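Subject: Structure handover

Hi,

Here is the structure I promised to pass on. My notes on what turned up in it follow below.

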Amino acid sequence: MIQANSVLSTPPTNTPVVDTTRRRFLAVAAVGSIVGAGSLGFAAAAPNDVPLAVTTPRHSRPDPAFALIAEKLAADIAHGEAIDAQDEADSRYGFHSDESSEADDRCLVACRAVNAIDWKLATTPPTTLAGVAAVMRFANEIEDGGMEWPKTDVVGAEGWHYQLRATMAAAIEALINVPAGKAVLS
């Protein structure tokens with residue numbers, strides 16, 4: 001087995017401190033996802049600027065991957081706001097107050113909404129290669145920002161990452177099997 005002689009993911013010690021707050025991360029991720037999705041078309045161009053075929057059947061709808069990414073970002077923002085409101089209620093009214101209990105209930109609802117979107121993102125096959133790439137990059141952006149996916153500690157078919165990989169593989173296989181002449185140029 002080859003052993004690495006350096007760790008490329010360790011940040012240099014002379015870099016400025018990064019703001020790791022939820023809102024900052026989500027704002028950066030939202031802009032990055034939008035910019036990244038827009039630039040995927042340029043990245044797919046051949047060396048002579050001849051666009052490659054994007055294997056999307058003509059009868060298909062827009063790729064759901066991009067809407068799910070936007071929905072995930074919105075749910076994370078709402079969850080962050082609910083956490084902030086819960087913290088505020090705890091400090092202002094006390095942990096055992098009615099206001100704190102109500103804020104805790106709203107936070108739980110927001111958390112469940114995020115988890116539902118997380119699973120939907122992992123189990124909804126993109127309909128374009130650009131959608132597959134966007135979902136995979138977005139999953140890494142979330143983790144790079146210090147956030148987690150549900151059931152990431154589970155090994156096997158019950159885990160979120162397992163479901164994501166299986167869904168992306170199935171999406172790629174479906175795109176590979178699009179009959180000749182049914183693809184559209186981007």
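One to start with: is leucine 129 buried, partly exposed or exposed? At 44% relative accessibility, leucine 129 counts as partly exposed. The cut-offs there are under 20% relative accessible area for buried and over 50% for exposed, with partly exposed in between (1.4 Å probe, protein chains only).

Before the rest, some ground rules. This is a predicted model, so local features need pLDDT of at least 70 and side-chain atom pairs count only at pLDDT 80 or more, while totals for chains, interfaces and linings use all residues. Residues are numbered from 1 along each chain as its sequence is written, and side-chain values use heavy atoms, with hydrogens and water left out.

**Surface**

Leucine 129 sits in helix H4; helices here are DSSP runs (H or I, at least four residues; strands would be E, at least two), numbered from the N terminus. Together with Ile172 and Ile176, Leu129 makes a nonpolar surface patch of about 280 Å². Patch members need over 30% relative accessible area and no salt bridge; nonpolar side chains (Val, Leu, Ile, Met, Phe, Trp, Tyr) are joined within 5 Å, and like charges within 9 Å. The areas come from the Shrake-Rupley method with a 1.4 Å probe, and for residues only the protein chains shown count as cover.

Glutamate 81, in helix H2 (residues 64–93), is partly exposed as well, with a relative accessible area of 42%. Its C-alpha atom is separated by 9.2 Å from that of alanine 110, 29 residues apart along the chain.

**Aromatics and core**

A search of the whole structure gives 2 aromatic pairs. (Rings of Phe, Tyr and Trp, the last by its six-membered ring, pair if their centres lie within 6.5 Å; planes under 30 degrees apart are stacked, over 60 edge-to-face, and the rest tilted.) Phenylalanine 138 and tryptophan 149 have ring centres 6.3 Å apart and planes at 70°, so that pair is edge-to-face. Phenylalanine 138 lies in helix H4 (residues 129–144) and tryptophan 149 in the loop between H4 and helix H5 (160–176), so the contact ties together parts that are 11 residues apart in sequence.

The rings of tryptophan 149 and tryptophan 160 are stacked, with centres 4.0 Å apart and planes at 5°. This pair links the loop between H4 and H5, where tryptophan 149 lies, to tryptophan 160 in helix H5, 11 residues apart.

**Charges**

The structure holds 3 salt bridges, each a side-chain nitrogen of Lys or Arg within 4 Å of a carboxyl oxygen of Asp or Glu. Lysine 72 pairs with aspartate 76, the closest N and O atoms being 3.0 Å apart. The two are 4 residues apart in helix H2, which means a separation of about one helical turn. Lysine 72 also meets aspartate 118 (2.8 Å, N to O); with lysine 72 in helix H2 and aspartate 118 in helix H3, that bridge ties together parts that are 46 residues apart in sequence. Lysine 72 and aspartate 118 are both buried, and aspartate 76 is buried as well.

Glutamate 88 and arginine 92 form another bridge (3.5 Å, N to O), again 4 residues apart in helix H2. Here glutamate 88 is partly exposed at 40% and arginine 92 exposed at 56%. Shared partners join Lys72, Asp76 and Asp118 into one salt-bridge network.

**Cysteines**

How many disulfides are there? The search finds 0, with the cut-off set at a pair of cysteine sulfur atoms within 2.5 Å. For cysteine 107, the nearest cysteine sulfur is that of cysteine 111, 6.8 Å away. Cysteine 107 is buried at 8% relative accessibility, whereas cysteine 111 is partly exposed at 26%.

Cheers
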